[in-house]
Amino acid sequence: MEFGPHLLLAIIEGSVGAAVLALTAVGLALVFGIMRVVNVAHGEFFMAGAVLAWVVATATPGPPWVGFVAALIIAPVAVGLLAVIADLTILKRLDYDPERTIVATIGLLYIIQQTALLTYGPDARPVEPPFNDRLALPWVEWVEGGLQLYWPWGLSVTTYKLFVIAAAAVVLLIVWGIMSKTRAGLIMRATQLDRDMATAFGIRVERVYAGVFGLGAGLAAMGAVLIVPIAQAHYLMGGDPLLLSFIVVIIGGLGSLGGTVAAALLIGLGDGIVSVFFSPTLAKILATLLVALVLVFRPQGLFGTHKR
Amino acid sequence: MKVWGLHLAVLALLAVGAVILPDYHQGVVARAMVLAVFAMGYNIAFGYTGLLSLGHAMFFAAGMYGMGMAVQHGGASGALGLLAGLIAAAGLAAIVGALALRAAGVAFMIVTLMFAQAIHLSIFLFGDWTRSDEGFVLQGAARQPFGIDLTQAEPRYWAAFALFALVFLATLLLARSGFGRTLVAIRENEARAGMLGYDTFRLKWTALLISGVISGAAGACYGLFFGYVGAGFASVQYSILPLLWVLLGGAGTVIGPIIGTLFMTYLIDIASGITTAYMLIAGAALLLLALFAPQGLAGEIRRRFAGWLP
């Protein structure tokens with residue numbers, strides 16, 4: 001394949017990754033922004049979403065799309081509830097002390113991951129996509145007399161991948177709508193700005209925290225359900241989303257939703273393109289070093305404006 | 001007097017182990033003693049200075065690979081390899097400290113996590129030299145530094161004991177010195193320590209350097225004693241484990257790290273005989289510690305009975 005079509009292919013693959021990453025990272029950013037909790041177990045909520053999606057999809061009778069729709073609803077809700085319980089029984093008891101919550105979420109990370117190993121096992125299993133038609137994509141070439149469209153061999157996208165991008169965009173719009181237009185969003189933003197003042201105005205901060213922790217985990221699980229027909233469900237799959245979400249949240253500015261989505265697109269596309277043309281390991285090394293240096297020299301993030 | 005008596009008794013107990021322990025347990029305890037050195041190094045940063053690092057595996061790995069590369073590709077002897085490991089860890093700690101200490105709190109944790117991740121991935125990037133996850137085995141000839149044959153169980157136990165005793169007593173001296181007390185002052189209230197005229201950045205940097213060098217020494221010795229160098233030792237798991245050992249034994253105590261390491265090593269050793277999901281134990285332990293005993297075993301003892309415990 002020539003360079004042009006190859007690049008287009010890399011951009012499409014990168015967009016799919018970026019869409020899922022944006023969902024996962026926005027979940028992490030909400031939890032960090034509102035609760036000031038660094039949730040190291042976030043990647044395991046992602047993994048739990050993928051594993052549950054497989055469980056639900058295989059248990060549901062009928063055509064693949066029924067199982068997929070069931071998974072898309074059940075898995076995020078179940079993971080969200082799990083996170084709410086974890087918040088109420090663990091994080092609340094620690095009074096959200098930064099060091100102790102980090103230790104506790106590391107503990108949670110291993111508990112969820114190893115429980116998946118014990119129950120689901122060490123195998124990687126795919127979920128059948130609800131639809132998966134291949135669409136050939138055209139490319140232009142210069143022939144005598146003008147531009148001409150042609151269909152290069154191998155340049156194609158599946159309808160399911162387009163669906164992932166669209167679905168992620170819709171979910172992100174809903175989250176943005178909730179945060180900026182509804183009363184629940186107002187309460188969450190008030191809690192983020194000043195926890196004590198919110199309490200004084202009668203907001204039940206503990207409930208807000210439990211809800212936000214559940215929402216954050218649910219978004220990660222949603223991203224995982226979307227990706228699991230393309231990638232496979234595996235008990236160790238939480239590591240990469242965690243690392244990349246951290247990178248995205250920090251580069252986007254801790255706690256800023258728009259910045260997080262922008263950074264997710266940048267990192268997701270960058271990761272996709274660099275991985276196609278160079279080594280994926282090198283791409284990750286550069287991203288991690290970038291994050292470390294951003295935190296050291298520009299703690300408000302590349303897109304953030306206000307100082308913490 | 002009480003203090004020296006207690007700590008010398010711990011050393012005496014471990015020395016007796018060389019004589020009375022059966023072969024298998026001698027191996028486990030030797031391994032735990034080297035890992036306890038790693039924990040003691042971590043304890044200087046986390047326990048005494050209050051720097052919660054999530055990336056100490058990079059110092060352990062720097063020591064291990066500094067030694068391993070020098071021996072494997074540089075043809076160095078074991079003793080020279082150890083020196084190379086120490087230099088690698090010291091250099092890394094000096095650079096990481098200078099950068100990461102500009103961030104505080106949660107940002108410091110993530111910066112250390114990211115640097116450690118970059119080091120871990122670099123080992124894969126240079127897979128032709130490091131052999132990535134597979135790692136490489138050190139040949140017997142390189143494993144006889146100072147005439148000690150580390151391929152044999154008993155000399156290995158004594159070498160691990162000597163390393164442990166050296167770092168154990170050095171930590172005790174450090175904890176009781178003026179420098180050690182200043183570090184505790186920074187942990188308790190950095191602004192106040194700064195206002196009293198202490199250069200807190202330089203003191204924290206020095207603490208992290210000492211911590212990194214000790215962790216590197218543990219890594220270099222681990223590679224040399226047990227003859228294997230692999231990328232697994234640079235993974236996140238090896239940044240979390242010293243945190244777990246120190247928290248379990250008691251952060252900011254001299255005897256805490258060996259208690260935590262011995263306890264956890266045996267617990268995981270037993271659990272891994274039953275199931276492959278042995279890290280479940282580590283996760284549960286971390287969670288329970290965070291919830292119910294943030295001071296750890298030695299910390300609780302200090303709080304309740306023995307305020308003099310350093």
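Me: Is A:Val164 buried or exposed?
Reply: This is a predicted model, and in it A:Val164 is buried, because 22 other C-beta atoms lie within 10 Å. The cut-off for calling a residue buried is 20 or more.

Me: Where does A:Val164 sit, and what is it in contact with?
Reply: A:Val164 is found in helix 5 of chain A, which covers residues 159-181. Leaving aside neighbours within four places in sequence, A:Val164 is in contact with A:Val16, A:Ala19, A:Val20 and A:Leu226.

Me: And how many residues apart along the chain are A:Val164 and A:Gly223?
Reply: They are 59 residues apart along the chain, and their C-alpha atoms are separated by 8.9 Å.

Me: Ok, over to chain B. Where does B:Val254 lie?
Reply: B:Val254 lies in the loop between helix 11 (237-249) and helix 12 of chain B.

Me: Buried or exposed, that B:Val254?
Reply: B:Val254 is buried, since 29 other C-beta atoms are within 10 Å. Setting aside neighbours within four places in sequence, B:Val254 is in contact with B:His7, B:Thr171, B:Leu172, B:Ala175 and B:Pro310. As for B:Phe225, 29 residues apart from B:Val254 along the chain, the two C-alpha atoms are separated by 24 Å.

Me: You mentioned helix 12 of chain B. At what angle does it pack with helix 14 of chain B?
Reply: Helix 12 (residues 256-274) and helix 14 (residues 296-304) of chain B pack at an angle of about 135°, and their axes are 8 Å apart. That makes helix 12 of chain B oblique to helix 14 of chain B.

Me: Which residues meet there?
Reply: From helix 12 of chain B come B:Gly256, B:Ile259 and B:Gly260, and they meet B:Gly296, B:Leu297, B:Ala298 and B:Gly299 in helix 14 of chain B. By class, this contact has 3 nonpolar, 4 polar and no charged residues.

Me: What about helix 3 and helix 5 of chain B?
Reply: The axes of helix 3 (residues 57-72) and helix 5 (residues 106-125) of chain B come within 9 Å and cross at roughly 35°. B:Ala57, B:Met58 and B:Ala61 in helix 3 of chain B meet B:Phe115, B:Ala116 and B:Ile119 in helix 5 of chain B. That contact has 6 nonpolar residues, with no polar and no charged ones.

Me: Now strands. How many bridges join strand 2 of chain A to strand 3 of chain A?
Reply: There are 5 bridges between strand 2 (residues 139-143) and strand 3 of chain A, and the two run antiparallel. They form a hairpin with 2 residues between them, and A:Gly145 in the turn has a positive phi of about 100°. A:Val143 stands opposite A:Gly146 in strand 3 of chain A.

Me: Why does strand 3 of chain A lie largely in the open?
Reply: Because 0 of the 5 residues of strand 3 (residues 146-150) of chain A are buried.

Me: Last topic: how many residues of chain A are in contact with chain B?
Reply: 35 residues of chain A are in contact with 35 residues of chain B. On the chain A side, helix 4 (98-119), helix 9 (239-251) and helix 11 (280-297) each give two or more residues. Helix 4 of chain A has the largest share, 16 residues. By class, that side has 25 nonpolar, 6 polar and 4 charged residues.

Methods: Residues numbered from 1 in each chain as written. Chains lettered and ligands numbered in written order. Predicted model: local features only at pLDDT ≥ 70, side-chain atom pairs only at ≥ 80, totals over all residues. Contact = placed C-beta atoms within 7 Å. Helix = DSSP H or I, 4+ residues; strand = E, 2+ residues; numbered from the N terminus. Nonpolar A, V, L, I, M, F, W, Y, C, P; charged D, E, K, R; others polar. Axes fitted to C-alpha atoms, helices over the stretch in contact; angles between N-to-C directions. Parallel < 35°, antiparallel > 145°, perpendicular 65-115°, else oblique. Buried ≥ 20, exposed ≤ 12 C-beta atoms within 10 Å, placed from the backbone. Pairing = 2+ DSSP bridges.
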